[in-house]
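Subject: Structure for you to look at

Dear colleague,

Please find the sequence and the structure below. My notes on what was found follow directly after.

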Amino acid sequence: MVIESRNLTLMTDEVLKDLKESDIVEFSRLRKEPKWVLERRLNAYRYLKSTRPDPQIDPFLERLAYRTIIEGYLAPVIDFNDAVKYAEKIGMPKEELEMLASGLSVTSDNRLLKAYLKFMESKGIKFSSMDEAVKKYDIIKDYMFKLVTPVQNRKFAYHVMLWSGGPFLYMPKGVRLPQPIYSIFTLGLEGLSQTEHTLIIADERSLVNWIEGCVTPFKMNYGVHLGALEGFALKKSSLRIVSISNWYGNVHHLPIKRLMAFERATAELSTVGFWAKSIRIAPQIDVVGRFGKGVMQNIGFYTKDQRVHASPKVKLIAEDSKAMVLNRTVVMDEATEEFRGLIDAKKGARNASGFMSCNTLILGDRARSITVPGLHSEEKEVDLSHEASVGRVDYEKLFYLELAGFTEEEATWMLVSGFFEPVLSKLPGALKEEVRSIVSLALKAH
Amino acid sequence: MTTNSISKKYMLFYINSVKDMNAWAFELPELKLENVSAYLGDKQIVKNFSARISDGELHVLMGPNGSGKTTLVKAIAGHRAYRLEGKVLLDNENISNLETNKKALKGLAIALQEPPSLEGVRVGEVLIKIAKKFRRLNDMEVSKFVKDVLNVVGLDSDVLSKYYMAEFSGGEKRKLELAKVLIMNPKVAILDEPDSGVDIDSIPRIASTVSKLLSAGSSVLLITHQFSLFDYLRPKRVHIMISGEKVLESSPDIIDELEKEGYKVVKKYGDRK
Ligand SMILES: Nc1ncnc2c1ncn2[C@@H]1O[C@H](COP(=O)(O)OP(=O)(O)OP(=O)(O)O)[C@@H](O)[C@H]1O
Ligand SMILES: [Mg+2]
């Protein structure tokens, strides 16, 4: 059986049948994993065997499974030289270039990386690769795969069965670090995995800003990305995640994002999505503590023949909990976007409130967007509202800018970056300028 | 002596004179409209309008609400809602069919009566980009230059971080439009009611801004309903438009009568003809 991830049309549904339980055991043994990890993998495997394939995702994931388990295809090679060349071309800021460069030398004599890790250690922050963390830290067992469970759905099950690599971050009680932590540093530790698992625990009263991904499209030698992120914002903490995705070529982007906010905590997920052949994302935040807050923001810039399905959800479970969902996307060329957001107030979420705002800007005649905002409540005293719009660039605005000497194209880009601004301006201080410049870089590069 | 005082007083003049040296040597900026008509679909809104505004002159265009003044301006600029007939000549070059932004780059600047809001776009971002397009200044000079221009029109430089138009009052919008035109260093400026909705203290400032443009060598076509402006400015010619037609072109002597009697004076002049 020849399997080539770039050529997804060669799909065969025999793949999963070829995979035996003993293959999973062997895979785990080679990785020297603790027993509980193997158990989760087996749970996932059995779940996959006992449920029906999902035609939307299985064609991608079966092949990934085969490659990972049977071919031991674990550490896809990133072509950093390409990435750096590209970064220079678009005038990436020096800091980001340096971080990229730190990924170039995976060896331990990388001074920048070493200094960074030392700084983290001095604060009591645990920051390491997941592969290492599952062996080293007991605390992991209480959190890992609690939000991304092996038996929730097939996508999760595939991830749990196949995960390898990814970063682990633990912020100790009361440690507040406003300057963002870049997960890209972990590239220097181990290279980027196709099925990485990120686990972030923000302990009580801590504050953390996390940026994963970067604007540079990495050239991957694979076709599917099935990473997952689990984040816990414990009592009175603030966990803010910015996830940027911009791929190169035919990568299908199927990330899993799950956060949980406890009492008086804020869990915030901001996604910035550029190119991927297709994006299928259903991020979720569960607000389980009183006065907890879940914020989900997305900026998307979809081009060419890109296909995007986004269904973000904030689940309000506790009294006085809050939700906010903001979506701002630009769709152009022949791209299509389907957005179905949901704020879901469960029984017990008395006095909860939520607001959803989704706006799409369509450029050109061939791009498509379907936007369906959803509000649902099982409680009476809940205040949920939404606004939505799908529109085109207003000619009066273009005319105005053309009057000032800008070409139609220049004027359009100015308006597009302005269109993203309401989301950008809501990001916390330390991240705001960072993400602003990333977005303008990506627009410039387009 | 500070650089500040130098720049405030002389920068506009200095930069204009350097940039326009060539133009100066051969011909002065001139806008000529020859039988300009503007159509909205089948409906003719502006009918055969002609005018000639040359070498640093100030002309005024007046007329009742809805007579077609703004439509004329937008059609000249190439707004796609209107079909333009006739000729628009800038320094004897027919620019009628150029794209809107090319007209601007050729030296035509327009302050709109009702500029739109640009959601999420900051004033600083726009003005600095415009300044870079129209002025030969480096990054450091450019932001100082823009601040000086804001000062000239009577805006604080803290507006640079505000969102374009959305965070502005009606009067502030007018001032911002004037700042834009000053930055563009145009051969010809058309100002569509830069005085509507501004406070009484701002009238002299608007007048002095117009004077600045004129002394920097721009020709100006000013559209207004505001007679108090003429306490400070003396136009070369006054054009009156009614129902899309130019019914009269006169010396500024007509202004007093017009203020007293309204547009019916036009009839009197017509009778005299
Ligand atoms: N895009 C448009 N759609 C519909 N009607 C229009 C449009 N543009 C102009 N008109 C009509 O053309 C006529 C002239 O309008 P215009 O705005 O040019 O008048 P104006 O002389 O500038 O008036 P004011 O002094 O009030 O500014 C009006 O009757 C107006 O309704
Ligand atoms: Mg008007």
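In helix H11 of chain A, Tyr395(A), Leu398(A), Phe399(A), Tyr400(A), Leu401(A), Glu402(A) and Leu403(A) are buried (buried is under 20% relative accessible area, exposed over 50%, partly exposed in between, with a 1.4 Å probe and protein chains only). Helices (H or I, at least four residues) and strands (E, at least two) are DSSP runs, numbered from the N terminus. Helix H11 of chain A runs over residues 395-403, and seven of its nine residues are buried, so the rest of the structure largely encloses it.

This is a predicted model: local features need pLDDT of at least 70, side-chain atom pairs count only at pLDDT 80 or more, and totals for chains, interfaces and linings use all residues. Residues are numbered from 1 along each chain as its sequence is written, chains are lettered from A and ligands numbered from 1 in the order in which they are written, and side-chain values use heavy atoms, with hydrogens and water left out.

The cover over the buried residues of H11(A) includes helix H12 (408-424) of chain A and, from chain B, helices H3 (69-77), H4 (100-106), H5 (123-134) and H7 (170-184) and strand E6 (108-111); contact here means heavy atoms within 4.5 Å. At the start of H11(A), a side-chain oxygen of Asp394(A) comes to within 3.1 Å of the backbone nitrogen of Glu396(A). Just after H11(A), Gly405(A) has a positive phi of about 95°.

In chain B, the loop between strand E4 (83-90) and strand E5 (93-94) holds Asp91(B). Asp91(B) is not a glycine, yet has a positive phi of about 50°; at 14% relative accessibility, Asp91(B) counts as buried. Asn92(B) is placed in the loop between E4 and E5 of chain B too, and has a positive phi of about 70° without being a glycine.

The magnesium ion (ligand 2) has Thr70(B) (OG1) and Gln113(B) (OE1) as its protein donors, 1.9 to 2.1 Å away. This pair links distant parts of the chain, 43 residues apart: Thr70(B) is in helix H3 of chain B, and Gln113(B) in the loop between E6 and H5 of chain B. Donors are N, O and S atoms within 2.8 Å of the metal (3.2 Å for Na, K and Ca); water is not among the atoms, so sites may look incomplete. Thr70(B) is partly exposed, with a relative accessible area of 23%.

An oxygen atom of ligand 1 is 2.8 Å from an N or O atom in the side chain of Lys69(B).

Regards

Definitions and conventions:
A polar contact is a pair of N or O atoms within 3.5 Å; within protein, one must be able to donate a hydrogen and the other to accept it, and residues adjacent in sequence count only if both atoms are side-chain atoms.
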